Amino acid sequence: MITDYKQAKEKLLTDCNFDCQQFFMQNGCVLELAYSELLSDNIDKAKNLFSSLKDENIRAHWALFLISMIEGVLMEYPSYFELRNFLEIDLNILINYFKGDYVEKIIRYSDFMFTINPEVLKFIGRVFYNNNYYEQAMFFLLRAKEYYYHDPELHYLLAYIYYGNNDIEKAEKSLADCIRVLPDYFPAINLLKKIKNNVK
């Protein structure tokens, strides 16, 4: 039985269950309950709960936009900061819950979200990268690089994927680009040393 908020929230992020939902309900945690309903595929319940908070809670406003993308009818529009603060986190949670259909529907709106916050392509690419979906990560990271060439992390993430695919030449090129942008970027320096040591 779940007895404290921290325990319930951690459970929500990994594997929400009945006890988790009961805790949120009994303790007036409306936002968390709404997310648990969304992750349980009770979209209408989630929408109603988020709607009750949207004027006072930026995360609830964002979640309504998230649901509108899942449903394929944009009813809400996110701010630059909502995309920056919540898109990556929520995509990661959805992947963790095996909600691939939700993720697919959301990323169909990547170009629209890009018009509000151009870093969206990087956020999506990084989510896929962190969940070992390297082909999908590569697609979004390469697109992001067209607009954010001077972001060293983009070059590093691409280099790591190339390295994993044993494409050493492209990995070294991406690492060189990364270090050119930010000479002290330690992860890139470290990976380049690793590559050089393996080549010898």
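Contact here means that heavy atoms lie within 4.5 Å of each other. The structure is a predicted model, in which local features need pLDDT of at least 70 and side-chain atom pairs count only at pLDDT 80 or more, while totals for chains, interfaces and linings use all residues. Residues are numbered from 1 along each chain as its sequence is written, and side-chain values use heavy atoms, with hydrogens and water left out.

**Overall build**

The protein chain has 13 helices and zero strands, where helices (H or I, at least four residues) and strands (E, at least two) are DSSP runs numbered from the N terminus. Taken along the principal axes, the C-alpha atoms fill a box of roughly 60 × 40 × 30 Å. Of the 200 residues, 47% count as buried; buried means under 20% relative accessible area, exposed means over 50%, and partly exposed lies in between (1.4 Å probe, protein chains only). Among contacts between residues at least 6 apart in sequence, 49% join residues at least 24 apart.

**The nonpolar core**

A nonpolar core is a set of buried Ala, Val, Leu, Ile, Met, Phe, Trp, Tyr and Cys residues joined through side-chain atoms within 4.5 Å. The largest one has 68 residues, and those with the most contacts inside it are Phe50, Leu87, Ile106, Met113 and Tyr156. Helix H5 (residues 58-71) gives the largest share of this core, with nine residues. Methionine 113 touches Phe65, Met69, Leu83, Leu87, Ile106 and Val120, when residues up to four places away in sequence are not counted.

**Helices H9 and H11**

The axes of helix H9 (residues 120-130) and helix H11 (residues 152-164) come within 11 Å and cross at roughly 35 degrees; these axes are lines fitted to C-alpha atoms, for helices over the stretch in contact, and the angles run from 0 to 180 degrees between N-to-C directions. On the H9 side the contact is made by Lys122, Arg126 and Tyr129, and on the H11 side by Glu153, Leu154, Tyr156, Leu157, Tyr160 and Ile161.

Arginine 126, in helix H9, is buried, with a relative accessible area of 16%. Its side chain makes a polar contact with the side chain of glutamate 88 at 2.6 Å; a polar contact is a pair of N or O atoms within 3.5 Å, where within protein one must be able to donate a hydrogen and the other to accept it, and residues adjacent in sequence count only if both atoms are side-chain atoms. Leaving aside neighbours within four places in sequence, arginine 126 is in contact with Glu88, Leu141, Glu153 and Leu157.

**Two further helix residues**

Serine 174 belongs to helix H12 (residues 168-181) and is buried, with a relative accessible area of 4%. Lysine 105 lies in helix H7 (residues 100-107) and counts as partly exposed at 32% relative accessibility.

| Residue | Contacts beyond four places in sequence |
|---|---|
| Serine 174 | His155, Leu158, Ala159 and Tyr162 |
| Lysine 105 | Met69 and Ile70 |

**Loop residues with positive phi**

Most residues other than glycine have a negative phi. Phenylalanine 98, although not a glycine, has a positive phi of about 60 degrees; this residue is found in the loop between helix H6 (80-96) and H7, and counts as exposed at 75% relative accessibility. Asparagine 132, also not a glycine, has a positive phi of about 65 degrees; asparagine 132 is found in the loop between H9 and helix H10 (134-147), and is exposed, with a relative accessible area of 53%.
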